[in-house]
Amino acid sequence: MKVLIAMDSFKESMTAEEACMAVEEGIRKVYGDAECLHFPMADGGEGTARILSKRVPSEEVRVMVHGPLDEEREAVYYVTDDGETAFMEMAASSGLELVQREKRNPLVTTTYGVGEMMRSALDRNVKNIVLGIGGSATNDAGAGMLMALGVRLLDQEGNSIGNGGGALERLARLDMEGVDSRLQGVNLEVACDVRNTLTGKNGASHVFGPQKGADPGMVLYLDENLRHFAHVVKKDLGIELLHLEGGGAAGGLGAALIGILGAAKREGIELVMTYSKFCESLVDADLVFTGEGSIDAQSFEGKVPIGIGKASKEAGVPVIALAGRVPTDLDRIYDYVDAVFSIVPGVYTLEDALRDGKKNLVATVQNIMKLVRL
């Protein structure tokens with residue numbers, strides 16, 4: 001039996017690599033001689049750059065940047081051995097997991113460190129930058145990143161507006177004169193796992209703001225600030241951001257990258273599948289396992305289980321999805337996978353479920369394989 005194991009991370013419980021190993025452990029408890037091929041997956045969030053670097057020989061690069069709360073911290077990205085491509089992710093410098101839960105505040109968190117990582121890659125004369133933008137702590141429309149790359153975001157008095165989604169209210173004009181000219185010679189690809197627009201009920205603030213620390217009043221305020229940002233961009237640069245697909249990704253970072261800097265948008269899962277040659281390995285596979293921490297409505301917006309499921313079904317290979325949380329009202333999931341299982345065996349606190357994730361994943365896969373054997 002040849003089994004492809006294409007797992008995303010189970011956030012705060014297992015990395016994608018650890019989840020793949022746990023699935024193999026469960027398989028081997030029943031099929032000891034199975035051929036298990038690991039394809040750790042990501043959709044643009046944390047772990048994307050590391051996974052890509054393992055598929056294409058790369059050097060780890062460490063650089064000091066400003067973190068989400070403007071603190072100095074070290075960020076890691078990767079440059080391929082030929083020196084041509086940089087793999088990076090915004091979560092390394094501006095990610096949600098870098099901010100303690102009680103300190104999460106999208107009014108002040110910044111993407112400045114993302115721009116600093118990009119500058120570092122430009123200093124190494126790369127020709128391509130592949131940037132995953134999932135897992136952000138920010139809602140600043142990429143303003144911090146733009147400032148780090150030389151764009152001036154100014155208030156009515158001609159002063160810098162400062163950091164965070166709250167500062168966007170003061171934006172009066174954008175000055176692109178000082179933007180790093182080296183960007184023109186670089187192919188910039190954005191690995192984006194969502195299609196949300198910048199503003200509105202399906203926008204960055206309403207959909208993702210609460211997980212970043214925004215209360216209902218703050219969500220409305222941030223949404224209005226993003227709308228104001230888009231208005232100023234339209235006035236000064238002639239660029240329309242409000243209806244841009246993926247513009248709401250990473251608190252509006254997608255709008256700045258795709259709309260202002262001209263980056264090409266790629267679904268993160270498709271990009272990782274391409275580099276990992278997953279589809280080529282489906283040719284003689286018997287079974288596919290995929291999964292992530294939660295399967296929900298957002299899973300259909302470019303998440304790993306849907307991408308893997310779609311490719312597997314097109315190849316005629318049965319695919320099973322695993323998750324910590326699986327709602328009962330997602331019948332359309334079966335358009336993409338053949339079966340879906342929760343790995344949580346009973347009534348659990350979130351803390352216990354995260355702690356026991358690996359053990360529960362192994363046990364669930366073992367039970368599935370016993371049924372397969374029957």
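The legends below describe close-up views of a predicted model.

**View 1. The ring pair of Phe 39 and Phe 278.** Aromatic pairs in the model number 2. In one of them, the ring centres of Phe 39 and Phe 278 lie 5.3 Å apart and the planes meet at 90 degrees, so the pair is classed as edge-to-face. Phe 39 belongs to the loop between strand E2 (35–38) and helix H2 (48–55), whereas Phe 278 is in helix H10 (residues 278–281); the pair thus links distant parts of the chain, 239 residues apart. Phe 39 is buried at 4% relative accessibility, and Phe 278 is buried at 0%.

**View 2. The ring pair of Phe 87 and Tyr 275.** Here the ring centres are 5.4 Å apart; the planes stand at 85 degrees, and because an angle over 60 degrees counts as edge-to-face, the pair of Phe 87 and Tyr 275 is edge-to-face. Phe 87 is buried, with a relative accessible area of 1%, while Tyr 275 is partly exposed at 28%.

**View 3. The surroundings of Leu 198.** Leu 198 is located in the loop between strand E9 (187–192) and helix H6 (204–208). This leucine is buried, its relative accessible area being 0%. Beyond neighbours within four places in sequence, Leu 198 has contacts that include Leu 226, Leu 241, Leu 242, Ala 204, Ala 230 and Ala 255, together with glycines, among them Gly 203 and Gly 252. From Leu 198 to Tyr 275, the C-alpha to C-alpha distance is 29 Å, and the two residues are 77 residues apart in sequence.

Notes: Residues are numbered from 1 along each chain as its sequence is written. This is a predicted model: local features need pLDDT of at least 70, side-chain atom pairs count only at pLDDT 80 or more; totals for chains, interfaces and linings use all residues. Side-chain values use heavy atoms; hydrogens and water are left out. Rings of Phe, Tyr and Trp (its six-membered ring) pair if their centres lie within 6.5 Å; planes under 30 degrees apart count as stacked, over 60 as edge-to-face and the rest as tilted. Helices (H or I, at least four residues) and strands (E, at least two) are DSSP runs, numbered from the N terminus. Buried means under 20% relative accessible area, exposed over 50%, partly exposed in between (1.4 Å probe, protein chains only). Contact means heavy atoms within 4.5 Å.
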